[in-house]
Amino acid sequence: MADNNSDPIQDELGAGVKHEAEEAAASSAAQATATAMLPRSSSRPQLDLSGAAIHGTLEDRNPTILLPNQSDDISHLALDIGGSLIKLVYFSRHAELSTEDKRKISTKRRLGMFNGGRRSYPILGGRLHFVKFETEKLNECLDFISSKQLHRGGVDSPSWRSGAQPDDIVIKATGGGAYKYADLFKERLGVSLEKEDEMDCLVAGANFLLKAIRHEAFTHMDGHKEYVQIDQNDLFPFLLVNVGSGVSIIKVDGHAKFQRVSGTNVGGGTYWGLGRLMTKCKSFDELLELSQRGDNSTIDMLVGDIYGGLDYSKIGLSASTIASSFGKTISENKELSDYRPEDISLSLLRMISYNIGQISYLNALRYGLKRIFFGGFFIRGHAYTMDTISFAVNFWSKGEAQAMFLRHEGFLGALGAFMSYEKHGLDDLRVHHLVERFPMGAPYVGGKIHGPPLGDLNAKISWMEKFVQKGTQIIAPVPMGVPATTGMGGFERPTSKGDILRSDASAALNVGVLHLVPTLDVFPLLEDPKTYEPNTIDLDQDEFKYWFKILSDHLPDLVDMAVASEGGTDDAKRRGDAFAHAFSAHLARLMEEPAAYGKFGLADLLELREECLREFQFVDAYISIKQRENEASLAVLPDLLMELDSMNEESRLLALIEGVLAANIFDWGSRACVELYHKGTIIEIYRMSRKKMQRPWRIDDFDMFKRRMLSDRKDQPYKRALLFVDNSGADVVLGMLPLARELLRHGTEVVLVANSLPALNDVTANELPQIIAEASKHCGILRKAAEAGGLLVDAMAGIQDDLKDAPESVPLMVVENGCGSPCIDFRQVSSELAAAAKDADLLILEGMGRALHTNLNARFKCDALKLAMVKNQRLAEKLFNGNIYDCICKFEPVS
Ligand SMILES: Nc1ncnc2c1ncn2[C@@H]1O[C@H](COP(=O)(O)OP(=O)(O)O)[C@@H](O)[C@H]1O
Ligand SMILES: CC(C)(COP(=O)(O)O)[C@@H](O)C(=O)NCCC(=O)O
Ligand SMILES: [Mn+2]
């Protein structure tokens, strides 16, 4: 093998990095605008479809559709104007850019994706945002709507409503305020509010959330939050208890099938109203925060107070059970001012929460319902409130009924109102179409802190800077009161971990923005999508602590890399800082409550980092490293291919697998590996890595794979193999491409599956055709297959024809996986990949992210080969009782 790359890596990094990065930034910026957003439908929102006509080519799966009868007065903003809070749900679409490049068109044609079976019209793709304001501060809400032009379709979706006169605009609204404030909306914004029934909306909202969001419902007992998997076929009937100012109790039997069976006037308004009067608190959160330091035994009459400190064990009441809320305040000669506001707040909170829990339970009993979902902003994600309600339900039902809470607790009505727009397309959405993101500055709350207008990065950064100054609040420990029970139904006062309630502003980090991505699919080769769990290791508190440190330590280098990739300008530096702050805030938030964003695994955490980079418009932090490593590896590829071709079939197969494993060492996400790169050139490290390949590997199913390939069923080669490639440079060029070439030799169709968006130094689907074109200059097999697969669109003239010994050509294709992460979650992949999977009978998953962190235990409907080098000591120990740099070759044939 020729080594024509002998400069130390450090030198390369130092010299020319700026120049390279500038070029890279310029060339990738254009690409990025085209690829930064996953949803790619180029249609307008689907509304009135009558008379619709398709514009654009028929091959375009998401063509522009003109809707001549689409009335312009339908907005994508819906409101729930309650007694205490105004909830907004609004929809935004991104600038649509067609990214149907030649590769994609040809791949899709080959995969039969242009006709048959697919949806003939697009459901809408875009994002749902959730925002709330205090009803008292209605003006702030009106300003917000007006500044974002939400009533006209939003500043970030300028075109689709243009031409609408303000007079025409109708917005769906529910809640009493839809009546009360109708005139004000007309006057201030020129819009009419179309009223939707509140109960209809609550139910529609709850049903949508329970159907479409994977981690929506959770239980909360003794300070412990656990997400529950909802079986769609076993959802109804349930009891929905919406705790707003007042409380509605609804028995839900199906979609739009429900009955309001009860309610109570003692609700959130009661707590907030009485609390305000009695404690002089200025805000709801202040009141709630007080409760965390309260001791209700100074106010409530407990069983022990009546029974001389004893339990009333005969009827199962412990001494600490509340016998009478506020009961102690009658017997003593005290004024309100003699009581601590903290104690008053806690007594009130417990009184109201128990009461709601009890009434809910009684209604559940009345209708024989086992599940009770609690919504409404009274809950406010507050651990103690949820524990108290759960306790009451559990206590009264003797464990028969279960209280569950919803992450979008207060938005049920607003979501339902949003869904009442005719044919909005939301009904068609399934779990796999929704991706929740947690951008900083998502304008979740009204009041003092507003989110910046969407798409305005500058404003967002300033907002971030302000937001982060409030950092003490963001990273304040969550008040996870772990209430100790006395075993007999008693309930000690909350032992909160911190005394600051997570501010509403940082609650922005609780409910994200919902991306609706109609082009995502469940990977059809999953053996059982229902039981599939992408994350191999559960990210519990301990595990999270470890990864928190790893990711925090890595952050400064990553910021440097990202800033350099954008030319190192002042603007890039400012964005780099904002990114670091934002990602640190996420980490801090998750550290205090690992389940804050739903059930969160390592894969989600690694993806969050990438999303955060994209949020601050870093297109591709590793672009110059990727390019440099690609070039260096392509330069030695001919020698490698020659060496391989001189071997017999058996030794070659082994050398190929060894090559994949050895080259997987080029991973810029692993601290240990990055340190190695300072010690030698790419080629030196690659050689060293190969030399160290000692069999048996930590998991070594090579012989089984070899038998399948070369003996048992040699006459029945795999028909189509999906190769999930990992990193750029040696990993793909010297590892996966030669393996692909071998499969092609056997007559197997090869689909290289790569990321849709950059993540670390992973190669993307956009980059692969160019790499393959370069590799094809040295290899007839690759070239012919790539041509047949439509990858080499411009035939390469003047290249020596060395196809004499090449077999009848089968295509080599590239498809994008729909992800922008170093891992892969097979519940949500691109429709292109889902289509390519149909005829596949072999999967090869490569790399630590895709084959170890995720999918190590995943089972597929076809043979699977999982190849990775373990580049982290702890993971090696934990998963394999092994060591860093161990290799994994796991072959899982289906039969
Ligand atoms: N920032 C807040 N301001 C006022 N009330 C709040 C706030 N956060 C939570 N709440 C609680 O939420 C209740 C309102 O819940 P919500 O579901 O919005 O009902 P409504 O539609 O009646 O306004 C209030 O009565 C109060 O208990
Ligand atoms: C991010 C990664 C999963 C990427 O690995 P790959 O899939 O490229 O093999 C891996 O680099 C990783 O887990 N890194 C963090 C651990 C560490 O620094 O040791
Ligand atoms: Mn990788």
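The following legends describe close-up views of a predicted model.

**View 1. Packing of helix 20 against helix 23 in the predicted model.** Helix 20 spans residues 623–645 and helix 23 spans residues 682–691. Their axes come within 10 Å and cross at roughly 55°.

**View 2. Residues in the contact between helix 20 and helix 23.** Helix 20 contributes Arg628, Glu629, Ala632, Ser633, Val636 and Leu640. From helix 23, the contact is made by Ile682, Ile683, Tyr686 and Arg690. By class, the residues of this contact comprise six nonpolar, one polar and three charged.

**View 3. The shell around ligand 2.** Ligand 2 is surrounded by 16 residues, of which Asp667, Gly849, His853, Lys871 and Asn872 are the closest. The shell divides into four nonpolar, eight polar and four charged residues.

**View 4. Side-chain contacts to oxygen atoms of ligand 2.** An N or O atom in the side chain of aspartate 667 is 2.6 Å from an oxygen atom of ligand 2. For the side chain of aspartate 726, the corresponding distance to a ligand 2 oxygen atom is 2.8 Å; for that of asparagine 727 it is 2.9 Å. Taken alone, ligand 2 exposes 480 Å², and the protein buries 97% of that area.

**View 5. Helices contributing to the shell around ligand 2.** Helix 17 (541–565) and helix 29 (848–853) are the elements that each give two or more residues to this shell. Helix 29 gives the most, with three residues.

Notes: Residues are numbered from 1 along each chain as its sequence is written. Chains are lettered from A and ligands numbered from 1 in the order in which they are written. This is a predicted model: local features need pLDDT of at least 70, side-chain atom pairs count only at pLDDT 80 or more; totals for chains, interfaces and linings use all residues. Side-chain values use heavy atoms; hydrogens and water are left out. Axes are lines fitted to C-alpha atoms, for helices over the stretch in contact, and angles run from 0 to 180 degrees between N-to-C directions. Helices (H or I, at least four residues) and strands (E, at least two) are DSSP runs, numbered from the N terminus. Contact means heavy atoms within 4.5 Å. Ala, Val, Leu, Ile, Met, Phe, Trp, Tyr, Cys and Pro count as nonpolar, Asp, Glu, Lys and Arg as charged, and the others, Gly among them, as polar. A residue is near a molecule or strand if one of its heavy atoms lies within 4 Å of it. A polar contact is a pair of N or O atoms within 3.5 Å; within protein, one must be able to donate a hydrogen and the other to accept it, and residues adjacent in sequence count only if both atoms are side-chain atoms. Accessible areas come from the Shrake-Rupley method with a 1.4 Å probe; for residues, only the protein chains shown count as cover.
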